[in-house]
Amino acid sequence: MRCSCHALRSKYLVAARRRPFSTQHRAAAPRSYHFPFEDAELVLTDSYVTPNVETESVKDFWDAIMKFSTEPESFQLGQNVPSESFADKSSDEKLAFAQQLLKGAVRSGKEQGDLLPSLYARKCCELYEILDKTERARFMKLLGTEFGVDRNRVLKAASAYTNEVNDKVNVKAQQDLREAMIPACERFFAHINQLPGGMKFLVHMRQDILEIMQTDNSPALRLVNDWLKQQLQGWFGIGNLDLERISWSTSANVLEKIMKYEAVHEVPGWDSLKQRLGTGRLCYSFFHRAMPHEPLTFVHVALTQEIADNVQDILNDPSPGLPHADEYTTAIFYSISSSQRGLSGVDLGNFLIKRVVKEIQKHVPSVTTFCTLSPIPNFRHWLNTQLNNVLTNFEHGAVDPGLSSLILDDETDELSALYGVPKDSQLIKRLQKSLNDDDSWLTDSRQLNLLKPILLRLCGRYLLVEKKRTFAYDPVANFHIRNGACVHRINWLADTSAKGLRQSFGIMANYNYVLPQVERNNQQYLLDGTISIITHPNNSVDDDNFITSPDPSLIWAVQQLVSVTESGTPGYSSLAFRAGASLPPGTHSSKVRYVRAPGEAVRRRFKKARAEDAGIGLAGIAKDKDRSKL
């Protein structure tokens, strides 16, 4: 590879020597000002930027490639221009430069050779790095308005395609139409992608676009975002990603980034990271070959013997792990983080979980249950919004303020008695104060016992009933359900950290990846929004009369749904439900589907046999309340 790089470098050096610039042409060109990039001089004219492609410019280009190949971590595209070089230039002048550079970068190789577009793209990246946020917004809009799809070219190509009847010529007409539909800026992105450090530059550029769009959602910005996102989706396909296990022996550079990018459960220090990478713990990350030292998305896994219901038990266990690897039966995915905001919307987590499942099956075959312990990041915000809506209705004298759609009548009576306030706006204000201002409910046993069933019930509604179009409203729930997982249960005070309480009053959810059902769950969810739910044994241990129901934390939400169809799958019990008239106001049509947990019958037969050997009998087993340990 090194030899081929040197050969290409020599080829371009020779070509540059044979192609001297015309000084007469340069003198005749109307100049505005010089573009002081390293050894290359770029002169802005009214219609063209003339680069001085001498030996040193080409040599610098290939030196950058060689440096990136040997020191990819220290190389950063676009960092060669001191900002003081443009201190006296206005924003309009900088954007005029950018416009001319972009024109050079998107020209075809037929017009100016293969090397010049890459040089233009590189200079454009260097200019982009010294622009402030406002100027970058203008740069993006310039891409969207002047370097998009050429409408006239498309119309001309479409006309030629529709009027052509000769099959042989029609093939050329199709090619012309397809090429005409490609935005010019995609060629610019493609040139950057081929530059040393170009992939990372594009990811950061899209991050800039997303940040700008938070305050300026103009059509031009949306177009550029969509174009770049589409390019990144192709470049970050599963075939271009490498899965690596992160361990304590991984380079310190990568470990520091794992700590920095952890987005779910903060890593307070090196000791905590070492615990998360120790015995009984796994961590895997995707890397891209053009960003070899950047963990793009990574997952932390705890190997256990049962489905976890408290993340502090995982994070604070001083000696995780079991004496023998074959004692593990369950893999808990308790943290999934993405390091690059510029890759938002590029589906990496989906592939990551499924790849990691395969790795665990290969190396720890005793594990048969793959489940998450996931945050519910928007539940508290959603509940506060609902309470504020009810409060506003009370203040405006609405006949039905909507209190009963959130809190049941007996719960309202108990809260009113507890707080000593009437069942009107005062109750809502007092409840909000308790939940949000001082978290006093956590230390008051009466409040805690009263609020627990209310919050769990509303959280079940939030996960199963509340929709964004036809999909789950909660982003984490939507991710896992779309990925093919089943909702297993929700767990009370599963994350008592400040962040966990702030996000969801400490409630977390388990999403169970029942492997034989993953693809079907994904298909049904995308088709009509059906959400799959794990069933648990209920009042029977006889496999011939197996009765199931959702986890108690989900039953109320499921009861709000009206059964419309029933179907069977060998080894699974499945029911489909559709939302009916009993749904609270403002909710949307929803479906859920029951899926029997894998290995349930085996565990139940094992416990039945064990009980009979001990002389306990079936009645004693049926009274076991902790069904998750059967």
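Visitor: In which helix is Lys133 found?
Guide: This is a predicted model. Lys133 belongs to a helix that spans residues 133-146. That helix is α7.

Visitor: Is Lys133 buried or exposed?
Guide: The relative accessibility of Lys133 is 53%. The cut-off for exposed is over 50%. Lys133 therefore counts as exposed.

Visitor: Leaving aside neighbours within four places in sequence, which residues is Lys133 in contact with?
Guide: Contact here means heavy atoms within 4.5 Å. With neighbours within four places in sequence left aside, the contacts of Lys133 are Glu211 and Ile212.

Visitor: How far apart in space are Lys133 and Asp208, C-alpha to C-alpha?
Guide: In sequence, Lys133 and Asp208 are 75 residues apart. In space, C-alpha to C-alpha, the distance between them is 8.2 Å.

Visitor: Is the aromatic pair of Phe379 and Tyr462 stacked, edge-to-face or tilted?
Guide: The structure holds 13 aromatic pairs. In this one, the ring centres of Phe379 and Tyr462 are 5.7 Å apart, with 50° between the planes. Under 30 degrees would be stacked and over 60 edge-to-face. The pair of Phe379 and Tyr462 is therefore, by these cut-offs, tilted.

Visitor: Which helices does the pair of Phe379 and Tyr462 link?
Guide: The two residues lie 83 residues apart, in distant parts of the chain. Phe379 is in the helix of residues 379-395, and Tyr462 is in the helix of residues 445-464. In that order, the helices are α17 and α20.

Visitor: Is Phe379 buried or exposed?
Guide: Buried means under 20% relative accessible area. Phe379 has 0%, so Phe379 is buried.

Visitor: Which residues do ring pairs link into a cluster with Phe379 and Tyr462?
Guide: Ring pairs join Phe379 and Tyr462 to other aromatic residues.

Visitor: Which ring does the charged end of Arg457 sit over?
Guide: The charged end of Arg482 sits over Phe471, 5.8 Å from the ring centre. For Arg457, the distance to the ring centre is 4.7 Å. The ring under Arg457 is that of Trp556.

Visitor: Which residues are the closest to the centre of the largest pocket?
Guide: The largest pocket has a volume of about 1400 Å³. Its lining has 43 residues. The closest to the centre are Ser338, Ser344, Pro475, Val476 and Phe479.

Visitor: How many residues of the lining of the largest pocket are charged?
Guide: Elements that each supply at least two lining residues include α11, β7 and α21. The lining has 18 nonpolar and 16 polar residues. The number of charged residues is 9.

Technical notes: Residues numbered from 1 in each chain as written. Predicted model: local features only at pLDDT ≥ 70, side-chain atom pairs only at ≥ 80, totals over all residues. Heavy atoms only, no water. Phe/Tyr/Trp six-rings, centres within 6.5 Å; stacked < 30°, edge-to-face > 60°. Helix = DSSP H or I, 4+ residues; strand = E, 2+ residues; numbered from the N terminus. Buried < 20%, exposed > 50% of the residue type's maximum accessible area, 1.4 Å probe, protein only. Lys NZ or Arg CZ within 6 Å of the ring centre and 35° of its normal. 1 Å grid on protein atoms, 1.4 Å probe; cavity = no way out; pocket = protein on both sides within 12 Å on 5 of 7 lines; lining within 4 Å. Points joined across faces, edges and corners; volume = space filled by probe spheres on them. Nonpolar A, V, L, I, M, F, W, Y, C, P; charged D, E, K, R; others polar.
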